[in-house]
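Subject: Structure handover

Hello,

Here is the structure I promised to pass on. Please open it first, then read my notes below.

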Amino acid sequence: MMLSFVLFVAFGCADDQERDLKRAEKRYNFKKAVTEDDELFPTYFLAKNGAITKELIDAERAVKVRLNEIAPISLPTKHARLTSAQKDGVVQTYKRFLQSHDEDSLLIRHFRNKYAKVILMDYDVMKSDDYALISFLTKELIDSECGRFALIFEGISKVKSHVADNQYSSLVAEFEKQIAQSLNLHKQAKAAMPGFIQKMKDRPETVQGGLKADFAVELNEMDDLSPRISTLEKYLQNVRSL
């Protein structure tokens, strides 16, 4: 998926009015905004017949908007003390949503990624001794394939020696598999990036959607994947020590 997004950013946007752009000696003060997405290392492949399209990207964005509008689980008030019954109610709401939307795989993917985290962190489940629930929600994060690895690692570490050995081993094995897969995708994207950048330099008309060629080149040159690759390598080393 990471490589697909690199392709989309590099070549997925167009504006005929800028095809005659003259690449002046100009530098941009580009600084990437830090968002929650920086903590995600997706392993799912957003593509149809092996190709990613603007329509698929738009569909994924629409699903996220829809999920925010539905807001099936509310965030607790800060410092609110919730009873066991209230927490149980939230978990039941979570499971009912999975059942009632099981045919919408894209919606379920982003629901898992968002609300398993909400229950673990905002409802303080991660701080509790409900190891069965922590294990369940950690597995939900893994199944989302959105790569919320820091929280997954915390969940797996928390349930160690508190759940059945085969259950724990399964969590660790799938976690390691996804980290390795994400690391491979990032390395592919990094290796391909110079070719994409050179193509934009040689053929600025390939840059679309109103994104000036010189800005697109600088954006991609500055958005180095090395820090993410380093983080993934550390995750892989840590999970192998569990």
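S161 counts as exposed, because its relative accessibility is 70% and the cut-off for exposed is over 50%. Its place is in the loop between α6 and α7. The phi of S161 is positive, about 75°, although S161 is not a glycine. Keep in mind that this is a predicted model.

Now the overall picture. The protein has nine helices and zero strands. Read from the N terminus, the elements run α-α-α-α-α-α-α-α-α. There are 242 residues in the protein, and buried ones make up 38% of them. The protein exposes about 13,900 Å². Carbon and sulfur atoms supply 49% of that area. I also looked at contacts between residues at least 6 apart in sequence. Of these, 78% join residues at least 24 apart.

Next, a helix pair. How do α3 and α4 cross? Helix α3 covers residues 84-100 and helix α4 covers residues 105-122. Their axes come within 11 Å and cross at roughly 170°. An angle over 145 degrees counts as roughly antiparallel, so α3 is roughly antiparallel to α4. On the α3 side, the contact is made by V90, Y94, F97 and L98. On the α4 side, L107, I108, F111, R112, Y115, A116 and I119 take part. By type, the contact residues divide into ten nonpolar, no polar and one charged.

Is N113 buried or exposed? N113 counts as buried, because its relative accessibility is 7% and buried means under 20%. Leave aside the neighbours within four places in sequence. N113 is then in contact with L40, L141, S144, C146 and R148. The C-alpha atoms of N113 and E145 are separated by 8.2 Å. Along the chain, these two residues are 32 residues apart.

That brings us to E145. Where is E145 placed? E145 is in the loop between α5 (131-144) and α6 (149-159). With a relative accessible area of 28%, E145 is partly exposed. Its phi is near 60°, a positive value in a residue other than glycine.

Q178 has its place in helix α7. Which residues does Q178 touch, not counting residues up to four places away in sequence? They are T43, I142, E145 and F149. Q178 is buried, with a relative accessible area of 3%.

One more residue in that helix deserves a look. H186 is placed in helix α7, which covers residues 165-202. H186 counts as buried, at 0% relative accessibility. Its side chain is joined to that of R228 by a polar contact of 2.9 Å.

Begin at S161, in the loop between α6 and α7. Go on to the contact of α3 with α4, at V90 and L107 among others. From E145, move to Q178, which touches it. Finish at H186 and R228, where the side chains make their polar contact.

Best wishes

Technical notes: Residues numbered from 1 in each chain as written. Predicted model: local features only at pLDDT ≥ 70, side-chain atom pairs only at ≥ 80, totals over all residues. Heavy atoms only, no water. Axes fitted to C-alpha atoms, helices over the stretch in contact; angles between N-to-C directions. Helix = DSSP H or I, 4+ residues; strand = E, 2+ residues; numbered from the N terminus. Parallel < 35°, antiparallel > 145°, perpendicular 65-115°, else oblique. Contact = heavy atoms within 4.5 Å. Nonpolar A, V, L, I, M, F, W, Y, C, P; charged D, E, K, R; others polar. Buried < 20%, exposed > 50% of the residue type's maximum accessible area, 1.4 Å probe, protein only. Areas by Shrake-Rupley, 256 points an atom, 1.4 Å probe, with all protein chains shown as cover. Polar contact = N/O pair within 3.5 Å; in protein donor to acceptor, adjacent residues only side chain to side chain.
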